[in-house]
Amino acid sequence: MEGQNVVFRCVVEGNPSPSVSWTKDEQGLNVAANSRLTVSRASSNHTLTITDVHRSDAGSYRCVAINNVSSSTSSVAQLEVHCKYRI
């Protein structure tokens, strides 16, 4: 629902420890450029949080893990944003 928060999670393990990034519609997300986006990590658990979701946030999200041995991409998490109706 528009205005709520959304959290995407993925578990990433590897040796050496991979770097993790997020994509929307196959394009890298610039978390630093959008104050509504936050990434965090607790051990091998990685999260992307979108606060105050807008209709423009709808799309296909993926977690991407890369180290100097290999890379891996999660399956797609599809975000649909329904708007609030005001009467």
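Buried means under 20% relative accessible area, exposed means over 50%, and partly exposed lies in between, computed with a 1.4 Å probe on protein chains only. The structure shown is a predicted model, in which local features need pLDDT of at least 70, side-chain atom pairs count only at pLDDT 80 or more, and totals for chains, interfaces and linings use all residues. Residues are numbered from 1 along each chain as its sequence is written, and side-chain values use heavy atoms, with hydrogens and water left out.

**View A. An open sheet of 3 strands has the order 1-5-4, with antiparallel pairing.** Strands are DSSP runs (E, at least two residues), numbered from the N terminus, and two strands pair if DSSP finds at least two bridges between them. Strand 1 (6-11) and strand 4 (37-42) are the edge strands, each pairing on one side only. Neighbouring strands of this sheet are turned by 20° against each other on average, direction ignored; the axes are lines fitted to C-alpha atoms, and angles run from 0 to 180 degrees between N-to-C directions.

**View B. Strand 4 and strand 5 form a hairpin with 2 residues between them.** The antiparallel strands 4 and 5 (residues 45-50) are joined by 6 bridges. Ser40 stands opposite Thr47 in strand 5, and Arg41 stands opposite His46 in strand 5. In the turn, Ser43 has a positive phi of about 60°.

**View C. Val64 is found in strand 6 (residues 59-66).** Val64 is buried, its relative accessible area being 14%. Contact means heavy atoms within 4.5 Å; leaving aside residues up to four places away in sequence, Val64 touches Ser19, Val20, Ser21, Thr23, Ser72 and Thr73. Val64 and Trp22 are 42 residues apart in sequence, yet 5.9 Å apart in space, C-alpha to C-alpha.

**View D. Arg36 forms a salt bridge with Asp57.** A salt bridge is a side-chain nitrogen of Lys or Arg within 4 Å of a carboxyl oxygen of Asp or Glu, and the closest N and O atoms here are 2.9 Å apart. The pair links distant parts of the chain, with Arg36 in the loop between strand 3 and strand 4 and Asp57 in the loop between strand 5 and strand 6. Arg36 is buried at 14% relative accessible area, and Asp57 is buried at 7%.

**View E. The side chains of Glu26 and Arg62 meet in a salt bridge (3.2 Å, N to O).** Glu26 lies in the loop between strand 2 (19-24) and strand 3 (27-28) and Arg62 in strand 6, so the pair ties together parts 36 residues apart in sequence. Glu26 is exposed at 54% relative accessibility, whereas Arg62 is partly exposed at 22%.

Definitions and conventions
Helix = DSSP H or I, 4+ residues; strand = E, 2+ residues; numbered from the N terminus.
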